[in-house]
Amino acid sequence: MLHAVTQALRIKKPVAMSRSSQRAFSDSGSSTTSTQPFVKLHNGLLMPQLGLGTWQAEPGIVKEAVKSALRIGYRHFDCAADYQNEREVGQGLREGMAELGLKRSDIWVTSKLWNTSHRPDLVKVACEQSLHDLGLDYLDLYLMHWPVDQIPEEGPKVGGDPTATETPLWETFDAMHELVTDGLARSIGVSNFSVRELEELIKDTDLIPVVNQIEMHPYLIQSKLLDFCASKSIAITAYCPLGRAQVPKGANFPALLDNPVVKTIAEKRGKTPAQVAIRWSLQRDAIVIPKSVNEERLKENWEVFDFVLDESDMNQLNGLNRGYRFVRPSFHDFKDEIEGDGRL
Ligand SMILES: NC(=O)c1ccc[n+]([C@@H]2O[C@H](COP(=O)([O-])OP(=O)(O)OC[C@H]3O[C@@H](n4cnc5c(N)ncnc54)[C@H](OP(=O)(O)O)[C@@H]3O)[C@@H](O)[C@H]2O)c1
């Protein structure tokens, strides 16, 4: 089934804009984000390349973290209905923007459609709920959180064939596209999509997502998926860019931030392991969304535009690939897409 192709959804390859080609995010003059680069999406929108993740940022804490992030210079916020904190994120945005005199157009807000709202008649309702919770009139980007449809009444489908769904992915994405027409979202994209799922979506809808948000860090370098997305002008957003600052479960290698290779490069560059990990993603032209609710770490994660990793650094970091995923929900099966460039 082919659907009307929106010109705005099929422009060019995403381009990471160098600092020399940066411009203010809006024309308001009130933005202080001029020190960070943007990625030009294929619909022409400029997406700030560094954003704040908000998963597992406790409702009671995240409001202050969002305000701190705004003061530091963050202008991109990665949210989701599933994180159950959009109301507090929205409060932080409102209070922080008022304090700094920012306009809505000075910030970029992403939210995500949860798996239980894939049915076309639920898509707009879910988006409106996120907008209501965030206290916004529109989203800059709305993502299909997972290529998995879950029946609301049944809850998570544990096991089984994840492709045996009630609503085909194309129908959901088509309904999401109407949100752009309705002015509720400026762009639509996907998250956790494999090459196969992207190919099917594009074939079925003739619509190309602007972004695929995926897990990416030096333990999961995702080279094939990056190449495929580049070939289709789909920008990548890297989640878990710090390897969750956790020791990988069931694996015999250290937390990414404790990895000797990362630490050695950090020492050589006079930066921290977290800054090296973020910089590695930025230099792969990915949009990066590290999460922190700690003011010092928010600042640390922002100080990544004053140094460069050279080819040797990048190669050494790429060499850490283990094909390791920190995020493996029971409702999704990644087994058919393990890449040849890394295994546990
Ligand atoms: N689309 C999806 O399915 C999906 C899945 C997962 C995540 N995401 C998005 O991606 C974002 C980032 O991923 P993530 O939160 O899973 O992992 P992450 O950003 O790799 O790591 C977050 C963890 O690192 C800690 N941390 C932050 N900065 C640090 C630093 N400089 N040094 C040491 N530790 C540091 C944080 O603790 P503190 O807060 O205490 O600093 C937190 O425990 C999420 O918040 C969410 O917005 C999307």
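Predicted model: local features only at pLDDT ≥ 70, side-chain atom pairs only at ≥ 80, totals over all residues.
Setting aside neighbours within four places in sequence, Leu184 is in contact with Cys127, Leu131, Tyr138, Leu139 and Leu179. Leu184 sits in the loop between helix 4 (169-181) and strand 8. It counts as buried because 20 other C-beta atoms lie within 10 Å, and 20 or more is the threshold for that class. Leu184 and Tyr142 are 42 residues apart along the chain, and their C-alpha atoms are separated by 9.1 Å.

Ala185 has a contact list of its own. With neighbours within four places in sequence left aside, Ala185 is in contact with Cys127, Tyr138, Leu139, Leu141, Tyr142, Leu179 and Val180. Ala185 belongs to the largest nonpolar core, which has 88 residues. The members that touch the most others are Leu113, Cys127, Tyr142, Met176, Ala185, Ala235 and Ile287. In soluble globular proteins, nonpolar side chains tend to be buried together.

For the chain as a whole, 47% of the 344 residues are buried. Its secondary structure consists of 10 helices and 11 strands. Among contacts with a separation of 6 or more, 73% come from residues 24 or more positions apart.

Eight of the strands form an open sheet with parallel pairing, in the order 4-5-6-7-8-9-10-11. Its edges are strand 4 (52-53) and strand 11 (287-288), each of which pairs on one side only. Strands of a sheet pair through backbone hydrogen bonds, either parallel or antiparallel. Helix 3 (residues 120-134) lies across strand 6 (108-113) and strand 7 (141-144), and it runs at about 140 degrees to strand 6.

Further along the sheet, strand 8 (residues 188-191) runs parallel to strand 9 (residues 211-215), and two bridges join them. Ser191 has Gln213 in strand 9 as its bridge partner. On its other pairing, strand 9 is joined to strand 10 by five bridges, again in parallel. Here Val211 stands opposite Ala235 in strand 10; Ala235 is also one of the core residues that touch the most other members.

Strand 10 (residues 235-239) is mostly covered, with five of its five residues buried. Ala235, Thr237 and Tyr239 make up one buried side of strand 10, and Ile236 and Ala238 the other.

Asn192 is in the loop between strand 8 and helix 5 (195-205). Its phi is positive, about 65 degrees, although Asn192 is not a glycine. Asn192 counts as buried because it has 21 C-beta neighbours inside 10 Å. Gln222, in the loop between strand 9 and helix 6 (223-231), is not a glycine either, and has a positive phi of about 55 degrees. Gln222 is buried, with 24 other C-beta atoms within 10 Å.

Ala245 is in the loop between strand 10 and helix 7 (260-269). Is Ala245 buried or partly exposed? With 17 C-beta neighbours inside 10 Å, it counts as partly exposed, since the buried class needs 20 or more. Apart from neighbours within four places in sequence, Ala245 is in contact with Ala255 and Leu257. Ala245 and Asp258 are 13 residues apart in sequence, and their C-alpha atoms are 8.6 Å apart in space.

Tyr239 is one of the buried residues of strand 10.

Conventions. Residues numbered from 1 in each chain as written. Helix = DSSP H or I, 4+ residues; strand = E, 2+ residues; numbered from the N terminus. Buried ≥ 20, exposed ≤ 12 C-beta atoms within 10 Å, placed from the backbone. Contact = placed C-beta atoms within 7 Å. Pairing = 2+ DSSP bridges. Axes fitted to C-alpha atoms, helices over the stretch in contact; angles between N-to-C directions. Core = buried A, V, L, I, M, F, W, Y, C linked by C-beta atoms within 7 Å.
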